[in-house]
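Colleague: I have not seen this structure before. Could you walk me through it?
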Amino acid sequence: MKELFTIIAFSENHIGLLNRITIIFTRRHINIESLTVSSTEVKGIHRFNIVVYETREQVEKVVAQIEKVSEVMRAEYYTNDEVVSREIALYKIPLKTAIEENLEQLLREYDARMVDVQSDFVVIEKTGHVEDTEKIYDLLEPFGILQFVRSGSIPITKQRKELSTYLNELPRDEYA
Amino acid sequence: MEEKTRVSGAEALLLSLIREKVDTIFGYPGGAIMPMYDKMYDKHDLLNHILVRHEQGAAHAAQAYAQVTGKPGVCFATSGPGATNLMTGITNANLDSIPVVFITAQVPSGLLGTDAFQETDMISLSMPVTKWNYQITSAEKIPEAVAKAFYFAKSGRPGPVLLDITKDAQIQEFDFHYKRIKSIRSYNPKPTLDKNQVQQALDMMSQSKKPLLLAGHGILIANARDELMEFVDKTKIPTAVTLLGKSVIDEEHPCFVGMLGMHGNYAPNKLTNEADLIIAAGMRFDDRVTGDISRYAPNAKIIHVDIDKAELNKNVKADLAIHADIKDFLQQIVPAQYYTCNSEWRQEFKRLNEMEKEKVIAPELYPENGHLRAGEVISKVSQLTKREAIVVTDVGQNQMMAARYYGFKNPNTLITSGGLGTMGFGLPAAVGAQVGKPDKTVVLFTGDGGFQMTAQELGTVVQYQLPVKIIIFNNNFLGMVRQWQNLFNDKRYAQTTMPTPDFPMMAKSFGIESKWVRERDQLDNTIEEMFSHEGPYLLEVSIEKEANVFPMIYPGKAVDEIVLHEDQ
């Protein structure tokens with residue numbers, strides 16, 4: 001059975017690693033729903049946050065192959081209820097419809113914000129789960145959406161032992 | 001602290017190689033790599049460079065060199081076409097876990113990404129088929145990059161790495177100082193063996209009446225043959241090998257039960273599905289070994305030991321997956337184990353192997369009439385070399401025949417392209433094997449098809465007077481593909497027949513002694529003549545045109561559906 005999994009990989013900050021990781025998905029014909037790369041609380045270590053819709057079996061194999069990459073320290077996967085995740089979405093709406101329709105009430109009700117107003121359009125921001133940003137999309141559609149962009153999901157894991165603890169325990173690079 | 005010296009990037013690279021105890025490089029010069037060849041000119045007493053005739057040859061030779069010497073192979077190529085010509089060899093080394101450090105030159109860093117003359121993005125190209133790769137754009141990065149390259153290539157599950165060095169980085173000068181790598185925080189090449197798992201394995205063994213040990217290439221890589229033999233001698237467990245695991249056990253050992261897989265032996269394939277315990281040691285359950293995976297070993301509990309965690313539970317779900325160096329595992333289990341396998345189970349292998357002997361092996365080795373057969377030639381070579389030669393093969397029927405009939409004895413004496421199945425691998429690999437072991441007899445078994453793919457390396461054989469013994473089985477067919485067309489496509493031999501050149505005449509044009517054998521009564525004398533000849537020798541043997549390799553597990557079939565002949 002396919003479901004949404006969040007894969008988190010911690011790595012050195014080296015050029016080309018993103019490619020080395022994504023080709024593992026490409027080879028197995030797995031579509032990446034979202035991918036973000038960011039720094040972490042440990043200096044010099046980067047994290048990849050990858051969301052896929054796949055079977056657990058496939059995800060396990062992919063994670064093992066990601067962890068096999070020489071510059072990846074650790075890769076793990078989580079189900080939706082094991083992470084707190086958020087994404088940000090921006091919507092560009094014509095100013096004319098934004099004024100004519102009752103946009104303000106919609107924003108308040110769904111906890112969205114207007115982040116910019118120009119002479120001919122406004123920009124709305126919504127942070128939340130995919131379902132939240134999709135819901136707002138549906139509601140804004142009658143206004144006429146000129147542009148829509150989503151950041152991809154960023155997850156915080158719920159597990160007790162922080163990965164940074166583990167990463168800090170890793171030996172340093174050593175030379176003979 | 002060693003003294004720093006100011007050198008160019010090119011010289012630093014060579015000095016770094018010397019610090020990694022490299023003495024042999026296989027390569028081919030070109031524009032972007034000229035600074036390195038220029039510096040090599042001064043170091044010819046320390047670095048022996050083998051000039052091949054095509055970069056693919058350098059890649060295969062470096063891999064074979066690594067396999068016979070146990071040291072990483074090193075391979076040089078220039079940017080663009082020189083680099084892309086390596087790709088097949090890199091991929092081959094990757095699939096067969098062979099440590100090779102590939103060094104490709106690159107256009108000057110200012111021209112990167114501009115489609116400059118002979119520019120190829122080798123980092124992106126080689127990414128899926130290297131264990132690690134890195135582009136060097138400034139000279140001072142060279143020592144650390146080389147140190148990492150060697151560390152990654154040879155530690156853990158070995159594999160190819162690639163360093164791509166821009167021309168300007170080869171020319172820049174800097175203060176050279178070299179440090180070898182001891183450990184890298186993101187990379188754990190030596191997993192810690194969980195001792196509880198050793199006990200679990202022992203418990204599983206003690207419950208087993210029909211155990212089967214599958215010995216793979218990992219044991220050779222881990223240099224764990226002695227430990228394996230102790231384990232086998234003590235437990236008497238029937239031991240089968242994978243293609244790349246060949247030579248891990250003396251084939252005359254009473255517990256050796258044959259090769260697994262599509263053209264392996266009858267007994268180990270058939271009995272895989274009767275076994276109640278499979279101990280898979282340093283092997284990866286390749287699809288050529290398992291056949292239909294849904295019907296693989298249905299009665300067996302599976303213990304899988306591998307150093308690569310990603311192999312565990314990848315193809316076959318293990319009941320006990322042990323992430324460990326196989327040498328550690330065997331060292332732990334040998335003193336502990338008290339288990340001995342019963343002789344009735346071993347007799348079953350014997351009984352089935354007798355069937356194979358009668359139906360397949362005897363007709364192949366002792367044909368009374370008809371054309372020559374590959375098996376009888378290989379068997380003759382085996383006798384004359386006392387099973388002591390390093391055997392190199394190409395890919396296809398010649399490979400399966402060599403694997404089946406040479407009768408391997410010493411570790412690392414079969415050099416063959418396993419995972420990738422690279423036709424054209426044979427001749428350049430024979431070059432690398434002979435360079436690595438100049439005092440050993442190196443025999444190449446190849447086919448007329450594969451030989452023609454890299455035949456230009458005869459030039460390398462002659463230039464370095466490598467005394468390789470080349471045996472071409474000529475059936476004027478791409479034999480293995482033809483066999484499939486015969487069995488599955490109603491003998492519709494689409495594009496598998498080809499005329500061949502006069503191979504002896506070709507060899508002679510290179511200055512290589514050569515003969516062509518067509519008749520059985522010429523065979524023994526000619527083979528003896530070949531081995532008494534001191535230099536390289538090419539022997540063309542005309543064999544039965546439509547001979548098939550059997551036994552065979554047909555594609556999509558289960559291992560126990562292996563057949564001894566096509567009417568079965």
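This is a predicted model: local features need pLDDT of at least 70, side-chain atom pairs count only at pLDDT 80 or more; totals for chains, interfaces and linings use all residues.

Colleague: Start with chain A. In what order do the four strands of the open sheet come?

Modeller: The order is E2-E3-E1-E4 in chain A, and the pairing is antiparallel. Strand E2 (32–39) and strand E4 (72–79) of chain A are at the edges with a single partner strand each, so one side of each has no neighbour in the sheet. From one strand to the next the twist averages 15°.

Colleague: How many bridges join E1(A) to E4(A)?

Modeller: Seven bridges join strand E1 (residues 2–12) of chain A to E4(A), and the two run antiparallel. One residue to look at is A:Ile8, whose bridge partner in E4(A) is A:Glu76.

Colleague: Which strands does helix H1 of chain A touch?

Modeller: Helix H1 (residues 17–27) of chain A packs on the sheet and touches E1, E2, strand E3 (45–55) and E4 of chain A. The direction of H1 makes about 15° with that of E3(A). Helix H2 (residues 56–68) of chain A lies across E1, E3 and E4 of chain A, and runs at about 165° to E4(A).

Colleague: Now chain B. Is the pairing in the six-strand sheet parallel or antiparallel?

Modeller: Parallel; the sheet is open, with the order E3-E2-E4-E5-E7-E6 in chain B. Strand E3 (48–51) and strand E6 (132–136) of chain B are the edges, each with a single partner strand, so one side of each is left without a neighbour in the sheet. Neighbouring strands are turned by 20° against each other on average, direction ignored. Seven bridges join E5(B) to E7(B), and B:Ile103 stands opposite B:Leu163 in E7(B).

Colleague: And which helices pack on that sheet?

Modeller: Among them is helix H1 (residues 9–19) of chain B, which touches strand E2 (24–27), strand E4 (73–77), E5 and E7 of chain B. H5(B) is another, touching E5 and E7 of chain B, and its direction makes about 145° with that of E7(B).

Colleague: Which residues of H5(B) are buried?

Modeller: B:Met87, B:Gly89, B:Ile90, B:Thr91, B:Asn92 and B:Ala93 are buried. What covers them includes H3, helix H4 (81–84), strand E5 (100–106), helix H6 (122–126) and strand E7 (160–166) of chain B.

Colleague: At what angle do the axes of H3(B) and H5(B) cross?

Modeller: The axes of helix H3 (residues 55–69) and helix H5 (residues 87–95) of chain B cross at roughly 25° and come within 7 Å. That angle is why H3(B) counts as roughly parallel to H5(B). The contact is made by B:Gln56, B:Ala59, B:His60 and B:Gln63 of H3(B) with B:Thr88, B:Gly89, B:Ile90, B:Asn92 and B:Ala93 of H5(B). Three of these residues are nonpolar, six polar and none charged.

Colleague: Last one. Where is B:Lys167, and what does B:Lys167 touch?

Modeller: B:Lys167 is in helix H8 (residues 167–171) of chain B. B:Lys167 is partly exposed, at a relative accessible area of 27%. Leaving out residues up to four places away in sequence, B:Lys167 touches B:Gly31, B:Ala32, B:Pro35, B:Gln106, B:Val107 and B:Pro108. B:Gln106 is 61 residues away along the chain, yet the two C-alpha atoms are separated by 5.9 Å.

Key: Residues are numbered from 1 along each chain as its sequence is written. Chains are lettered from A and ligands numbered from 1 in the order in which they are written. Side-chain values use heavy atoms; hydrogens and water are left out. Axes are lines fitted to C-alpha atoms, for helices over the stretch in contact, and angles run from 0 to 180 degrees between N-to-C directions. Angles under 35 degrees count as roughly parallel, over 145 as roughly antiparallel, 65 to 115 as roughly perpendicular and the rest as oblique. Contact means heavy atoms within 4.5 Å. Ala, Val, Leu, Ile, Met, Phe, Trp, Tyr, Cys and Pro count as nonpolar, Asp, Glu, Lys and Arg as charged, and the others, Gly among them, as polar. Two strands pair if DSSP finds at least two bridges between them. Buried means under 20% relative accessible area, exposed over 50%, partly exposed in between (1.4 Å probe, protein chains only).
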